[in-house]
Amino acid sequence: MSRNIDERTVPRAGRRVSVGIAAFNAEANIREILRAVSSQRQEQVTVAEIIVHSDHSTDGTIAAARESADPRLRIVDSPEQRGFAASAGSMLAMFTGDALVLLNDDIRIQDDRFIEKIAMPIFQGGADFAGANLEPLPPRTFVERASVSVFRVWERIRESLPQRDNVFTCDGAAMCLSARFARSIKPPSDPAQMGNVDAFFYFTCLTAGYRYAHAVDAVAYYRSPASLGDYLSRNSRNDSQRVLLERQFGSVVAASFRVRPVLYWRSVAVEAFRNPLVAVFVFIAGFYIRFKAQSTARNASATWEVLQSSKRLD
């Protein structure tokens with residue numbers, strides 16, 4: 001039975017939002033994302049606190065974050081590197097708002113109502129978990145073009161599915177959790193077994209009777225992997241997570257990712273026609289990615305290799 005009251009509306013006084021930023025060696029980006037969060041309009045929600053959780057960064061992330069004069073800012077410096085899952089778990093335990101917006105350190109927020117837009121499905125739409133609308137920045141390398149092309153394939157698919165609030169719209173770079181959902185989550189004792197945090201939250205939400213919503217108007221931007229090593233690493237990592245998820249959530253995982261072949265190949269054909277050389281690269285790289293994913297699943301780690309090219313937003 002669903003835990004949601006359809007179209008429930010939370011009074012304005014109960015719309016305090018905590019913003020948590022998971023940071024690792026984010027010296028180049030942390031100032032900009034803090035500036036974007038600090039300058040958010042607060043007509044429908046109140047940004048009550050901003051948490052920067054540094055995962056034992058070895059650069060100037062902490063010093064750069066401390067340059068912010070925002071009195072809402074709280075900085076946490078982990079004594080050891082434990083990975084994004086552990087950072088997210090720590091912020092779930094410490095936030096004080098009515099909702100928690102979790103952000104990666106390597107995104108660009110250009111909309112001064114972004115926090116409102118990602119939080120309103122929680123406060124007005126009856127959802128307890130919401131994902132932002134992530135868009136790739138214009139590609140600058142051939143490999144990045146391939147990354148964006150793969151994104152477009154799945155973007156067309158997700159928008160063609162009858163259930164628009166589907167797993168393909170959920171991205172860990174920007175998501176919002178209601179306080180009641182966030183505090184109900186029981187992360188695995190070993191963060192490595194959580195896999196991709198966004199998918200773990202998504203399937204926890206579904207199986208516990210909460211509702212997920214795609215906050216289409218909450219647009220943020222990210223840099224796709226631009227080097228061959230980063231492209232292979234990211235995609236083999238993502239492909240490996242299905243095994244971990246199925247161990248914890250069972251058949252709902254396969255059912256959620258299942259797409260009719262005609263829908264998939266139609267979307268692939270569009271990209272192959274537009275970018276034939278990119279399509280050949282993606283096809284060949286796919287063999288290695290599937291092979292590597294099997295090894296990655298057997299040796300799950302909470303501290304993934306950082307994709308350096310994805311952190312170069314400018």
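Contact here means heavy atoms within 4.5 Å of each other, and helices (H or I, at least four residues) and strands (E, at least two) are DSSP runs numbered from the N terminus. The model is a predicted one, so to speak of local features takes a pLDDT of at least 70, side-chain atom pairs count only at pLDDT 80 or more, and totals for chains, interfaces and linings use all residues. Residues are numbered from 1 along each chain as its sequence is written, and side-chain values use heavy atoms, with hydrogens and water left out.

On the α5 side (residues 142-160), Ser149, Arg152, Val153, Trp154, Arg156, Ile157 and Ser160 meet Leu263, Tyr264, Ser267, Val268, Val270, Glu271 and Arg274 of α10. Sorted by type, the residues of this contact come out as seven nonpolar, three polar and four charged; Ala, Val, Leu, Ile, Met, Phe, Trp, Tyr, Cys and Pro count as nonpolar, Asp, Glu, Lys and Arg as charged, and the others, Gly among them, as polar. The axes of α5 and α10 (residues 261-274) sit 9 Å apart at an angle of about 145°, where axes are lines fitted to C-alpha atoms, for helices over the stretch in contact, and angles run from 0 to 180 degrees between N-to-C directions.

Next comes the sheet. Its eight strands form an open arrangement in the order β3-β2-β1-β4-β7-β6-β8-β5, with mixed pairing; two strands pair if DSSP finds at least two bridges between them. At the edges are β3 (73-77) and β5 (107-108), each pairing on one side only. Strand β1 (residues 16-23) runs parallel to β4 (residues 99-104), joined to it by six bridges, and Val17 stands opposite Ala99 of β4. Helix α3 (residues 84-94) lies across β1, β2 (46-54), β3, β4 and β7, at about 145° to β2.

Strand β6 (residues 129-136) is mostly covered, with eight of its eight residues buried, that is, under 20% relative accessible area, against over 50% for exposed and in between for partly exposed (1.4 Å probe, protein chains only). Three bridges tie β6 to the antiparallel β7 (residues 174-178), while seven link β6 to the parallel β8 (residues 212-222). Gly131 has partners in both: Met175 in β7 and His214 in β8.

As for the interior, a nonpolar core is a set of buried Ala, Val, Leu, Ile, Met, Phe, Trp, Tyr and Cys residues joined through side-chain atoms within 4.5 Å. The largest has 42 residues, and Val19, Ile21, Ile30, Leu103, Ile107, Phe114 and Ile118 touch the most other members. Helix α4 (residues 114-123) gives the most to this core, at seven residues. Another core, of 39 residues, lies apart from it and includes Ala22, Ala85, Met91 and Met94. Beyond neighbours within four places in sequence, Val19 is in contact with Val37, Val47, Glu49, Ile50, Ile51, Leu100, Val101, Leu103 and Ile115.

Gly97, between α3 and β4, counts as buried because its relative accessibility is 3%. Setting aside neighbours within four places in sequence, Gly97 is in contact with Arg16, Ser18, Glu49, Ala179 and Arg183. Pro139 is in the loop between β6 and α5 and, at 37% relative accessibility, counts as partly exposed.
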